[in-house]
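Reader: Hi! Could you walk me through this fold while I have it open on my screen?
Author: Happy to, let's bring it up.

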Amino acid sequence: MANIIRTFLVEDHELVRHGIRALLEEYSEVEVVSEASDGIEALEILKDHSPDLLISDIRMPRMNGIELVREVKKIYPQVKTLMLSMHDSEEYVVQSIEAGADGYLLKGSSKEEFIKAIRKIMQGEKYFSGDISTILINHFAGERENADK
């Protein structure tokens, strides 16, 4: 992958945000172009940058990551989005996908899986960690089962 992936981080915990940035900066193909601590701040800053990828936490003050992804997909449909969360609840996963997230990764994932998710998403694919895939399968199987009744 010769192109640099211009990345925007949105995470309300400063220490976590800096840790994610440090991890990403280990890879020459990724450049963190900006950061924000919530969705409102992210939308303000986003006007002045053209990231390829937005990586966002879900639970944040003022505007959460799901609302942020929904807005970003409306205003900047070309921007890929990856949810990075400690929450593996079906509700958050499904809401993220419905908002337009291209991937969902748990914060407990390895850095190799994190980079793999970024690469897959930038290739136009969707990426969900194994635990999240199971949640999605169970959710949609349950919806189908209810529709058949």
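This is a predicted model: local features need pLDDT of at least 70, side-chain atom pairs count only at pLDDT 80 or more; totals for chains, interfaces and linings use all residues.

Reader: Thanks! How many bridges join S1 and S2, and in which sense do they pair?
Author: Six bridges, in the parallel sense. Strands count as paired if DSSP finds at least two bridges between them. The names come from DSSP runs numbered from the N terminus: helices are H or I with at least four residues, and strands are E with at least two.

Reader: What's the strand order in the sheet?
Author: The order is S2-S1-S3-S4-S5-S6, in an open sheet of six strands with parallel pairing. S2 and strand S6 (127–128) are at the edges with a single partner strand each, so one side of each has no neighbour in the sheet.

Reader: Let's zoom in on S1. Is Thr7 buried or exposed?
Author: Thr7, which lies in strand S1, is buried, with a relative accessible area of 0%. Buried means under 20% relative accessible area, exposed means over 50%, and partly exposed is in between, using a 1.4 Å probe and protein chains only.

Reader: And what does Thr7 touch?
Author: Leaving out residues up to four places away in sequence, the contacts of Thr7 include Leu24, Val30, Val32, Pro51 and Ile55. Contact here means heavy atoms within 4.5 Å.

Reader: On to the helices. Which residues of H1 are buried?
Author: In helix H1 (residues 14–24) they are Arg17, Ile20, Leu23 and Leu24. Looking down the axis of H1, these fall within an arc of 125°, so they line one face of the helix. The arc is taken from the directions from the helix axis to the C-beta atoms. Glu14 and Leu15, on the other side of H1, are exposed.

Reader: How do H1 and H5 cross?
Author: Their axes come within 11 Å and cross at roughly 75°. Axes are lines fitted to C-alpha atoms, for helices over the stretch in contact, and angles run from 0 to 180 degrees between N-to-C directions. H1 and H5 are therefore roughly perpendicular to each other. Ile20, Leu23 and Leu24 of H1 make the contact with Lys111, Phe114, Ile115 and Ile118 of H5.

Reader: What about H3 and H4, at what angle do they pack?
Author: Helix H3 (residues 65–75) and helix H4 (residues 90–99) pack at about 15°, with axes 8 Å apart. That makes H3 roughly parallel to H4. The cut-offs are under 35 degrees for roughly parallel, over 145 for roughly antiparallel, 65 to 115 for roughly perpendicular, and oblique for the rest.

Reader: Which residues meet there?
Author: Ile66, Val69, Arg70 and Lys73 in H3 meet Tyr92, Gln95, Ser96 and Ala99 in H4.

Reader: Last one: what do the buried residues of H2 pack against?
Author: They pack against S1, S2 and H3. The buried residues of helix H2 (residues 39–46) are Gly39, Ala42, Leu43, Ile45 and Leu46.

Key
Residues are numbered from 1 along each chain as its sequence is written. Side-chain values use heavy atoms; hydrogens and water are left out.
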